[in-house]
Amino acid sequence: MTHNHEDGNALAGPLLDVFAFEVSTATARCAGCTRTEPIVALHVYQGGPGVVARCPGCGDVLLRYAETPHGRWLDLRGTAVLHFGAATG
Ligand SMILES: [Zn+2]
C-alpha cells in the first residue's frame with residue numbers, strides 16, 4: 001500500500017449517482033478490524049480502472065467502484081456496516 005492517496009471526499013463525485021444521499025456524511029465500519037470512521041477519513045486511491053477506498057486503521061479495502069462500458073460496479077464486501085442519516089419524508 002502506498003501513501004499516495006486522497007481522503008474520502010474523493011468518493012463523493014463518483015458515487016453521487018449511486019447513492020441518493022451525501023456519501024461524505026456517512027460512516028463505514030471496516031469488516032477487517034471493525035474500526036468505524038467517517039467516509040471522509042478513508043484513504044482513497046484513484047488512477048486505476050476504478051476507485052479503491054482503504055481503512056486508515058488496517059489498510060483493508062472497504063470499497064471498490066468502477067465505471068465500465070458494461071455498467072457500474074460497486075464492491076462493498078470490506079464494509080461491515082455503512083451508516084447514513086435517517087430517511088426523510
Ligand atoms: Zn480496518
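## What you are looking at

This is a predicted model, so a few ground rules apply: local features need pLDDT of at least 70, side-chain atom pairs count only at pLDDT 80 or more, and totals for chains, interfaces and linings use all residues. Residues are numbered from 1 along each chain as its sequence is written.

The protein has seven strands and zero helices. Read from the N terminus, the order is simply β-β-β-β-β-β-β. The radius of gyration is 13 Å, close to the 12 Å that the globule rule gives for 89 residues, so the protein is as compact as a globular protein of that length. (That radius is taken over C-alpha atoms, and the rule is 2.2 Å times the number of residues to the power 0.38.)

Along the principal axes, the C-alpha atoms fill a box of roughly 45 × 35 × 20 Å. Of the 89 residues, 21% count as buried. Here "buried" means that 20 or more other C-beta atoms lie within 10 Å of the residue's own, "exposed" means 12 or fewer, and "partly exposed" is in between, with C-beta atoms placed from the backbone.

## The four-stranded sheet

Four strands make an open sheet in the order E3-E4-E5-E6, with antiparallel pairing. Strand E3 (43-45) and E6 are at the edges with a single partner strand each, so one side of each has no neighbour in the sheet. On average, neighbouring strands here are turned by 10 degrees against each other, direction ignored. (Axes are lines fitted to C-alpha atoms, for helices over the stretch in contact, and angles run from 0 to 180 degrees between N-to-C directions.)

Two strands pair if DSSP finds at least two bridges between them. Strand E4 (residues 50-54) and E5 are antiparallel and share five bridges, and Arg54 has Val61 in E5 as its bridge partner. Strand E5 (residues 61-68) is also joined to strand E6 (residues 71-75) by five bridges, again antiparallel. Thr68 has its bridge partner in E6, namely Gly71.

Pro69 sits in the loop between E5 and E6. It counts as exposed, with 4 C-beta neighbours inside 10 Å. Pro69 and Val18 are 51 residues apart in sequence, and their C-alpha atoms are 16 Å apart in space.

## The three-stranded sheet

The other open sheet has three strands, in the order E2-E1-E7, and its pairing is antiparallel too. Strand E2 (36-38) and strand E7 (79-83) take the edges, each with a single partner strand, so one side of each is left without a neighbour in the sheet. Its neighbouring strands are turned by 25 degrees against each other on average, direction ignored.

Strand E1 (residues 27-30) is joined to E7 by four bridges, running antiparallel, and Cys30 stands opposite Thr79 in E7. The loop between E1 and E2 holds Thr34. Thr34 is exposed, with 12 other C-beta atoms within 10 Å, and its phi is near 70 degrees, a positive value in a residue other than glycine. Most residues other than glycine have a negative phi.

## The nonpolar core

A nonpolar core is a set of buried Ala, Val, Leu, Ile, Met, Phe, Trp, Tyr and Cys residues joined through C-beta atoms within 7 Å. The largest one here has 15 residues, and those touching the most other members are Leu11, Ile39, Leu42, Val44, Val51, Ala53 and Leu62. E1, E4 and E5 each supply at least two residues of this core.

Ala53 is in strand E4 and counts as buried, with 28 C-beta neighbours inside 10 Å. Two residues are in contact if their C-beta atoms, placed from the backbone, lie within 7 Å. Leaving aside neighbours within four places in sequence, the contacts of Ala53 include Gly8, Leu11, Val44 and Leu63. Across the whole protein, residues 24 or more positions apart account for 50% of the contacts with a separation of 6 or more.
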